[in-house]
Amino acid sequence: MKIIACGSVPTVIAPEKYFTGRVWQTPIIEKEAPARLRAIMVGFEPGARTHWHTHPLGQTLYVVSGAGLAQSWGEPIQAIRAGDVISFAPDEKHWHGAGPKSAMAHIAMQEALDGVHADWLETVTDEQYGGVDRT
């Protein structure tokens, strides 16, 4: 058994090259090969969001607090709220983040394929985000 004590893993501000707005990340677990699991608690301030991205083996989000938005390429924006579970298929192009007026936090879980957990793409523009409060 291994216990990772609460507060022993630092929270960091997420890199601007992958996110718009203020986003913080607290790693939960990253298993060593041959295991592939990575889980991260991610908090978004109002209006903050990921860039478009994919995951080679898919991604599951569990919204732990607040309300936000998520969208898959070519599909309408969906409201997401605390308690929701969102599943993206392998290589499904998508983004997710807070609503325009509400913060949101989720646990992001994904597996690596050949050491790659995510492929980061272009910024979600303000026009794509829409600025409409759907939360």
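## Criterion and overall count

A salt bridge is taken here as a side-chain nitrogen of Lys or Arg within 4 Å of a carboxyl oxygen of Asp or Glu. In this predicted model, the structure holds 5 salt bridges, and three of these pairs are described below.

## E45 and R22

E45 and R22 are joined by a salt bridge in which the closest N and O atoms are 3.5 Å apart. The two residues lie in distant parts of the chain, 23 residues apart, with E45 in the loop between β4 (37-44) and β5 (49-50) and R22 in the loop between β2 (19-20) and β3 (23-30). E45 is partly exposed, its relative accessible area being 38%, and R22 also counts as partly exposed, at 46% relative accessibility.

## R36 and E111

The side chains of R36 and E111 form a salt bridge with an N to O distance of 3.9 Å. This pair links distant parts of the chain, 75 residues apart, since R36 belongs to the loop between β3 and β4 whereas E111 belongs to strand β11 (residues 104-111). R36 has a relative accessible area of 37% and is partly exposed; E111, with 34%, is partly exposed.

## E122 and K93

In the salt bridge between E122 and K93, the closest N and O atoms are 2.8 Å apart. Distant parts of the chain are again linked, with E122 in the loop between β12 (119-120) and α1 (126-129), K93 in the loop between β9 (85-88) and β10 (94-98), and 29 residues separating them. E122 counts as partly exposed at 36% relative accessibility. K93 has a relative accessible area of 21% and, because buried means under 20%, K93 is classed as partly exposed.

Methods
Residues are numbered from 1 along each chain as its sequence is written. This is a predicted model: local features need pLDDT of at least 70, side-chain atom pairs count only at pLDDT 80 or more; totals for chains, interfaces and linings use all residues. Side-chain values use heavy atoms; hydrogens and water are left out. Helices (H or I, at least four residues) and strands (E, at least two) are DSSP runs, numbered from the N terminus. Buried means under 20% relative accessible area, exposed over 50%, partly exposed in between (1.4 Å probe, protein chains only).
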